[in-house]
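Subject: Handover of a structure and notes on its aromatic rings

Dear colleague,

I am passing this structure on to you, with some notes on what was found in it. Please look through it first and then read on.

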Amino acid sequence: LDNTGSVDWTVSDMYPAGDYLLNIISYVSLPVNNPILDESDATFQIVKSPKEINWKTYRNENFGYSLNYPDSLILREFSETKTGASFHFQDEAYPECITVSAREAVKNKENLSFDQYVREAAIEEIQDFKRLNSIEKITTNSGLNGYKTTWGYTFLGGEEKISLPITYFEGPGNIQGINYKTIQLTLNDTSCEEIYEQMLLTFNKQ
């Protein structure tokens, strides 16, 4: 192939969705003598198309929301608080690929409008988060509006990095004396980025 920088590749059904390495071997003839070989420096992902994904539904009756997730992810509900759940691949080292949870309002900011609250929330909620980097209004399949955000945070040695997305939806409000201002869908690992974008659109409030 000419080195155009990319090539279209139809993935065979024999390769299930997952992380892969690309190995390239060049040799003159068989038997193989003095081959030239290399392996990709990082993994890449083969994912199912949306039409091929079998979706399940997570419903949180306590806080009145639901969203769909692919059956390739394992769901673990937060057993103590019941505010939400985490989603992860069974064979992944990182335990939480995506999380969703109703969050209590930050003190002294309960009366802010929802959009203004979103612009300040993570700075108060998450240690080392220093500034809002980006904010994007999104609309789910059911017509709900939310805000997808990223944040600048201080890494080791003082270097600033940009967080993975946190998407905010309006929470249910006062439940048993606690003001749950937001419901947050958080991406914790880039391996789930495409799934995260699809899950966002399925979020719904009961």
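**Aromatic rings**

Tyr65 is buried, with a relative accessible area of 0%, where buried means under 20% relative accessible area, exposed over 50% and partly exposed in between, for a 1.4 Å probe and protein chains only. This is a predicted model, in which local features need pLDDT of at least 70 and side-chain atom pairs count only at pLDDT 80 or more, while totals for chains, interfaces and linings use all residues. Residues are numbered from 1 along each chain as its sequence is written, and side-chain values use heavy atoms, with hydrogens and water left out.

Tyr58 also counts as buried, at 5% relative accessibility, and forms an aromatic pair with Phe87 that is edge-to-face, with 6.4 Å from centre to centre and 80° between the planes. Rings of Phe, Tyr and Trp (its six-membered ring) pair if their centres lie within 6.5 Å, and planes under 30 degrees apart count as stacked, over 60 as edge-to-face and the rest as tilted. Phe87 is buried too, with a relative accessible area of 0%.

Over the whole structure, the search finds 9 aromatic pairs. One of them joins Tyr58 and Tyr65, edge-to-face, at 6.2 Å centre to centre and 70° between the planes. Ring pairs link Tyr58, Tyr65, Tyr69, Phe87, Phe169 and Phe203 into a cluster.

With kind regards
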